[in-house]
Amino acid sequence: MSLQIINLHATLEDGTPILKGVNLEIPKGQVHAIMGPNGSGKSTLSKVIAGHESYVVTAGSVLQDGEELLEKSVDERSRDGIFLAFQYPSEVPGVSNANFIRAALQARLPKGEEIDAVAYYKSLYEKMDLLEMDRKFTARAVNEGFSGGEKKRNEILQMMMLDPQYGILDETDSGLDIDALKIVAKGVNAMRSPDRGLLLITHYQRLLDYIKPDVVHVMAEGKIVRSGGAELALELEENGYEFLKEPALA
Amino acid sequence: MSYDTLEALDHDTREAIDIDRTRGDFTFPERNKFDAGRGLTSATVDYISNVKNDPDWVRAFRHKALQVFLEKPMPTNWATKDLENIDFDVIRYYLSDGEKPKRSWDEVPADVLETFERLGIPQQERAFLAGVEAQFDSEAAYSNVKEELSKQGVIFVNSAEGLKEHEEIFRPWFGKVIPTGDNKFSALNSAVFSGGSFIYIPKGLKLKQPLQAYFRINSENFGQFERTLIIADEGSEVMYMEGCTAPKFETATLHSAVVELVALKGAKIQYVTVQNWSSNVFNLVTKRGIAMEDAEVRWIDCNIGSRLTMKYPGVIMKGRRARGEVISIALANNGQHQDTGAKMIHAADDTTSNVVSKSISVGEGRSTYRGQVLIPKHLKGCKNNTECDALLINSKSRTDTYPAITVKGNRHATQHEASVSQVSEEMLFYMQQRGIDEGHAMSLAVNGFINDLVREFPMEYSVELKRLIDLEMEGSVG
Amino acid sequence: MILSTIPTWFAARQFSARERYESLPMPKRGDEMWRFSNLKQLAFDEGTASSATIDPLDLLARSAGPEKSAAKLVFHRDELIHSEANLPAGVICMPLAQAIIEHSGLIEAHFMKQETRLGSAKYAALHEASVRNGVFVFVPDGIEVEGTIEVHHWNSGTAGLFPHTLIVTGRHAKVCVVDHFASADEEAGVVIALNDLAAGEGSKLDYIALQELNELSRMIQINQTKVARDASTIGFTLNTGAAWARNESLSRLEGPGGRSDMLSVSLPDHQQEYDQRTFQHHVAPGATSDLLFKNVLYGHSRTIFSGLIFVDEGAHHTDAYQTCRNLLKTDTCEANSMPGLEINADQVKCSHGSTTSQISDDEIFYLRARGIDPANARRLIARGFCIEAIQRLNHPELESFIIDRLERKFSRIAVTS
């Protein structure tokens, strides 16, 4: 059981190539991290997996437990267990967090079935407590006027509530101070499970001090150029991405 | 992504952005005893005056108004050219069965009763209303106010009865808040008005439950011209709600009302409209209130139906510390133009006005906001706040905003803000990534947009709105 | 025109403009473009030459500009009395009358090519029929002019003056032109000026108009700006003079990535009236326009601001903003604001805002508590209110020059206000 990315090529709508043959496999029960310099295609990879329409897949496939997901719509992928924590979560003015998450959960139920409100709030509050979120948060509009840290916590809260099979966290550490980072990491660690695969996309090693990955990949120029254990992240932190410029590895 | 046709949206979205009008889309055969025929001449005016047995001063008032109407040009120098499609010669200006309004639903003719029952009026009256007037074409079929209120001196009758039976109260204010010559359509109404409510709330009486009027057009090519005057005496409070429907005819129908509100010292009038005309109705309405010292007039306005609505509720703040407010939601769908706004005239010191307007344009719908704020010379301490926000749902919809603010003197503060936004593709992607399909995501976004205003609307409004949405649900399964 | 060698096309344009002027109706009450306007100001008669003796050397001495000027032209009633220039090769900067002969093709391609849609079509026609001189600036591809090109238009007498400014920039060119309108005498002058700005791809074109006519004069100033792809323009107007001034500014965003900043500061006093109409026309998708107008009103003065953001069908991803702020200093002044939006495209970000306010007692108290007398406190606050628009020029020398002009006006305004 894994999320398998095979020879994935994708371009912008105008034809500019971004992903140039990505190969990657995230088995359930593991946490993988992708690191790489700005513009390497990391964020694009996460959006292509989620189904963003600004990108055109020109070759390759993404298999979720052996099943092709590229054919499915954005919301189908989500309901089938793919979750993306956004680098820049959108604001949804006027829609409260509680109603938003509820609508997302409701979308997963068969027609005619209603969410049990008591159980829903119990579960929501439990997770908010873990993420040290104020109860007032439920009544606030989704991401509207949120600080960077609040937005990222909200992403993790949504992931916990939607309980996906595969979670992709795009630059979840950016814009976080150290305290917020620890709380977010606590939430992500609580999500580690033999039934779930997680992919962390990050520019800095910092996040990986708190969420220990099983495998670290380095992405550059739209491809995975190196893979290794957790120690690879430390090495990158020390030496930077300079090695990418060496022709042998490019 | 495109939302070129409304059909592409799912049921819930349509529910969020539109309200079913099919429930009002039925008609009964006409059996009018009185019919002024088509077209408008001084003979038409005399016909109406004769049928209504108008006092002489009312007849003279109508004839003078007809002259003003004929002389005034269409306001197409600033308004839509669609007005030119109104054919005043084919309109029928007066239709009635000659019956007086009934005090009991049992006495209302069966087909008229069925009409209002299908629209839920008697049920609502029992549930939460202090009084109801139900107008069928030109005249009220039913008009009643709770007994204990009439004992306390509340008057709630139709316009003809008000002018005749309570002349001493109504005549001094009639046509004073909105003069005949205010605009072409106020002149038209003044010439041929029939029906509408005359309400008087005695000093110090605060009505806990709202009064309601319901306007129904049953006949094709009919023009409905009701005239409402509400006088809230010193320290009294009243909320008035109006609703309306018409069947969808092949040809255009005209609704042109005049509504005058008078809030005397310390009084408060709230006027709630849920405008849900079928999409061939020209809805050209003049509404204005006057607020004396410490009084308050609030217009709470929701425009969903009609082909063209032109309506700019106003408040003249005539006494110190008077307050005026307009809160409005407009939804313009394919083939609709909601041209709405507000007019705030500050005429005394320390007066405050507030305008909050939200419009949604869907498909090829067009919404327009026009506003006027006037703070004349030699006043102090006046404040105005205006916010208007527009949401565009797809690339063919259109929105315009034209406010005008005049401030004379340095002892005031005004603030105007307007914005236009879309449901952005990134927002939809975000919501869809949480498993919510495109239609539901759009629906959430639209609801979110009007959410803070809906909260501003009174409970009774949400009951009405909920009822309309329930009708939609019922219609969709049946 | 003064010279007999003018090209036929120009003579023909002037002839047909005269006919157009005569056939177009006078603005009347009820015209939306003239709502709140004082139409009495539109009665222009023949006028006469000044009864005062005008000394060109004196005018030259009074023709002050920002510190560094790349070129300086001084006119008195269309007559060039001084010219100096230190411009890069290829840049054309000369009186319009001369340019019409020497660069006829270039002028013909750009001269008054835009329609006037803010109400003054009749007066634009009068300008076109009557123009005798002005300035033509052409900056070829890739050339950047450092410093400002400074133009002084002195008026005198009561006969109409019709100065024209035509500025054309090539690809990635850069230029900043300051037009200065002032009176040489104390007679009731009439100035109907028009400026045509055409910013080429990726160029930067800044235009500043300083209106400091005497308080008997009337002025109509029509600004028409075309912004090509990735070009950036600034149009700034300072109004301190004239009895009545009408400004019509139209920016047409014709290419993606274009940007137009429309700025104004007005300081009317006594019976002065400023009537400003603006139009932000988004023709192409992906362009930005941002308008900021500031008015500080004294005495019995009056302002009208009417602005429209107009987004054409298909001009998606437009960003357009419009803000008008009025600071009312007396109980007898009057500010009218009509900020408008007409949106026919989607994925746009548009907003407008308008405020009118006074200086609060708290603000005055705060400054007084720091030892500043009330009159100076009011002046400081008013100055601070205006500076936001001036700083958008992003040109320190020019900013301090304009602030200096502002201070001159402040010092003329009675300290009691």
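Strands here are DSSP runs of E with at least two residues, helices are runs of H or I with at least four, and both are numbered from the N terminus. This is a predicted model, in which local features need pLDDT of at least 70, side-chain atom pairs count only at pLDDT 80 or more, and totals for chains, interfaces and linings use all residues. Residues are numbered from 1 along each chain as its sequence is written, while chains are lettered from A and ligands numbered from 1 in the order in which they are written.

**Chains B and C**

Strands count as paired if DSSP finds at least two bridges between them.

Now show the whole contact. On chain C, 33 residues meet 31 residues of chain B. Contact means C-beta atoms, placed from the backbone, within 7 Å. On the chain C side, β18 (319-328), β19 (334-343) and β20 (349-357) each give two or more residues. β19(C) has the largest share, with ten residues. Colour this side by class: ten residues are nonpolar, 17 polar and six charged. Nonpolar covers Ala, Val, Leu, Ile, Met, Phe, Trp, Tyr, Cys and Pro; charged covers Asp, Glu, Lys and Arg; the others, Gly among them, are polar.

**Inside chain B**

Stay on chain B and select α10, residues 425-433. Buried means 20 or more other C-beta atoms within 10 Å of the residue's own, exposed means 12 or fewer, and partly exposed lies in between, with C-beta atoms placed from the backbone. The buried residues are Met427(B), Leu428(B), Phe429(B), Tyr430(B), Met431(B), Gln432(B) and Gln433(B). Just after the helix, click Gly435(B), which has a positive phi of about 95°.

Zoom out. Chain B holds twelve helices and 24 strands. Of its 478 residues, 58% are buried. Take its contacts between residues at least 6 apart in sequence: 84% of them join residues at least 24 apart.

**Chain A**

Next, the contact of chains A and B. Chain A brings 22 residues and chain B brings 20. On chain A, α2 (74-79), β7 (92-96), α3 (97-106) and α5 (148-162) each supply at least two residues. This side has 13 nonpolar, five polar and four charged residues. Two pairs of chains are in contact, and B and C share the most contacts. Chains A and C do not touch; their nearest C-alpha atoms are 15 Å apart.

Select the open sheet of chain A, four strands in the order β2-β1-β4-β5 with antiparallel pairing. Its edges are β2 (17-27) and β5 (67-68), each pairing on one side only. Eight bridges join β1 (2-12) to β4 (55-64). Pick His9(A): its bridge partner in β4(A) is Ala59(A).

**A helix pair in chain C**

Last stop: α1 (8-23) and α5 (121-130) of chain C. Their axes come within 8 Å and cross at roughly 145°. Axes are lines fitted to C-alpha atoms over the stretch in contact, with angles from 0 to 180 degrees between N-to-C directions. Among the contacting residues are Arg13(C) and Tyr21(C) of α1(C), and Lys122(C) and Glu128(C) of α5(C). By class, the contact has five nonpolar, one polar and five charged residues.
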